[in-house]
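This report describes a helix and the aromatic contacts of one model. The sequence and structure are shown first.

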Amino acid sequence: MSFSRLPVPTLLTPTLLGFDPGRDKCGVAVVGLDKTLHYHQVISSPSVSVTIQNLRETYSISSIVMGDQTRSKQWKKQLGSLPNAPRIVLIDERYSSLEARDRYWEMYPPEGIAKLLPQSLRSIPRPIDDIVAILLVERYLKRLSGED
């Protein structure tokens, strides 16, 4: 159940880790302070700690930006127990799944005859938790810049 881009080592570029917590699967995304997307993936919940540790070895992650709804208290506690745990910031994730559906089609435009279907009739062929994680970081950066 893994959808990802291969990580490119960027230890010198400051980044944020977006985290969309879930029961069975979670979304992760590494986004630069300049909003550059470096990595995104949907992972199984049991592999979260290992995946985040691996990402922290590849990217200079200053904080984890996590959605504040589904199981966020449990995940915050678990992520807070990681070695040398980064700061965890909770961000409002209301309506992020709806927004992620639109973003999916921006990132992966339909091809062929599917382009003729209205977006509301297209089904997304994979989980979009990683796109939610991207949106959470973007919401956080907007809040920091006063755009929110």
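Is Trp75 buried or exposed? At 5% relative accessibility, Trp75 counts as buried, a class that means under 20% relative accessible area, with exposed over 50% and partly exposed in between (1.4 Å probe, protein chains only).

## Basis

This is a predicted model, in which local features need pLDDT of at least 70, side-chain atom pairs count only at pLDDT 80 or more, and totals for chains, interfaces and linings use all residues. Residues are numbered from 1 along each chain as its sequence is written, and side-chain values use heavy atoms, leaving out hydrogens and water.

## Aromatic pairs

Rings of Phe, Tyr and Trp (its six-membered ring) pair if their centres lie within 6.5 Å; planes under 30 degrees apart count as stacked, over 60 as edge-to-face and the rest as tilted. The count comes to three aromatic pairs. Phe19 and Trp75 are edge-to-face, because their ring centres are 5.3 Å apart and their planes stand at 70 degrees. Phe19 belongs to strand 2 (residues 10–20) and Trp75 to helix 2 (residues 72–80), so this pair ties together parts 56 residues apart in sequence. Helices (H or I, at least four residues) and strands (E, at least two) are DSSP runs, numbered from the N terminus. Phe19, at 0% relative accessibility, counts as buried.

The pair of Tyr104 and Tyr108 is tilted, with centres 5.1 Å apart and planes at 40 degrees. Tyr104 is buried at 7%, whereas Tyr108 is partly exposed at 29%. Tyr104, Trp105 and Tyr108 form one aromatic cluster.

## Helix 3

The buried residues of helix 3 are Ser96, Ala100, Arg103, Tyr104 and Trp105.
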